[in-house]
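Here is my note on the model you sent.

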Amino acid sequence: LLSARERFDLLRATDAEARRLLELKQYDQVLDQIVAFEARIGGRTIEPWLNARLWVTQARAEQALGKFEAAETTLKRAWGVVADFPPYTAEYGEALRAHVQLYQAWNAAAPGRGHDALLREWQQRLMRHDQLSTGR
């Protein structure tokens with residue numbers, strides 16, 4: 001049984017490693033890391049902002065592998081956390097950008113299935129976020 005501090009340290013280490021692997025385009029390894037982490041902690045949310053960041057990383061790996069439905073589900077999980085964050089936070093903006101990237105890729109892979117409407121919705125949210133963040 002892990003202590004709260006050990007769970008946090010494990011989450012932080014998993015997040016760092018998953019982001020490193022994502023940069024290296026080792027998408028299967030990203031998912032392996034996150035699945036192992038989730039199994040070890042029993043799917044608990046430990047630190048909402050860090051869990052959300054890890055889920056965005058997971059969704060990006062899923063998207064890169066063409067697992068669009070899984071990526072969408074994972075992003076919904078992350079958005080369920082960050083939607084209540086102040087819009088200027090990095091995690092909020094990162095989740096918005098991940099949604100836009102998902103729907104761009106999904107629409108390109110499967111045009112005419114409604115992903116263009118979702119893309120426009122998330123692009124508008126991102127534009128509002130960017131306007132608030134820059135003050136323009």
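1. Start with Phe85. In this predicted model, Phe85 sits in the loop between α4 (68-82) and α5 (90-109). Is Phe85 buried or exposed? Its relative accessible area is 18%. The cut-off for buried is under 20%, so Phe85 counts as buried.

2. What does Phe85 touch, leaving aside residues up to four places away in sequence? The list is Pro48, Trp49, Glu91 and Tyr92. Take Trp49 from that list. Trp49 and Phe85 are 36 residues apart in sequence. Their C-alpha atoms are 8.7 Å apart in space.

3. Now the chain as a whole. It has 6 helices and 0 strands. Along the sequence the pattern reads α-α-α-α-α-α. The radius of gyration is 15 Å, close to the 14 Å that the globule rule gives for 136 residues, so the chain is as compact as a globular protein of that length. The C-alpha trace spans about 45 × 35 × 25 Å along its principal axes.

4. Of the 136 residues in the chain, 42% are buried.

5. Helix α1 (residues 4-23) packs on α3 at an angle of about 30°. The two axes are 10 Å apart. Angles under 35 degrees count as roughly parallel, and α1 and α3 are therefore roughly parallel to each other. The crossing of α1 past α3 is left-handed. On the α1 side, the contact is made by Phe8, Leu11, Arg12, Thr14, Asp15, Ala18, Arg19 and Leu22. On the α3 side, Leu50, Asn51, Arg53, Leu54, Thr57, Arg60 and Ala61 take part. By class, this α1 contact with α3 has 7 nonpolar, 3 polar and 5 charged residues.

6. Helix α3 (residues 48-64) also meets helix α2 (residues 27-41). Their axes come within 9 Å and cross at roughly 140°. That angle makes α2 oblique to α3. The crossing of α2 past α3 is left-handed. From α2, the contact residues are Tyr27, Val30, Leu31, Ile34, Phe37 and Glu38. From α3, they are Asn51, Leu54, Trp55, Thr57, Gln58, Ala61, Glu62 and Ala64. By class, the contact of α2 with α3 has 9 nonpolar, 3 polar and 2 charged residues.

7. Lys25 deserves a look at its backbone. It lies in the loop between α1 and α2. Most residues other than glycine have a negative phi. Phi of Lys25 is near 60°, a positive value in a residue other than glycine. Is Lys25 buried or exposed? With a relative accessible area of 60%, Lys25 is exposed.

8. Last, Arg120. This residue is in helix α6 (residues 115-134). Its relative accessibility is 45%, and Arg120 counts as partly exposed. Which separation holds between Arg120 and Tyr103? They are 17 residues apart along the chain, and their C-alpha atoms are separated by 8.8 Å.

Conventions. Residues numbered from 1 in each chain as written. Predicted model: local features only at pLDDT ≥ 70, side-chain atom pairs only at ≥ 80, totals over all residues. Heavy atoms only, no water. Axes fitted to C-alpha atoms, helices over the stretch in contact; angles between N-to-C directions. Helix = DSSP H or I, 4+ residues; strand = E, 2+ residues; numbered from the N terminus. Parallel < 35°, antiparallel > 145°, perpendicular 65-115°, else oblique. Left-handed = near helix turned anticlockwise from the far one by under 90°. Contact = heavy atoms within 4.5 Å. Nonpolar A, V, L, I, M, F, W, Y, C, P; charged D, E, K, R; others polar. Rg over C-alpha atoms; globule rule 2.2 N^0.38 Å. Buried < 20%, exposed > 50% of the residue type's maximum accessible area, 1.4 Å probe, protein only.
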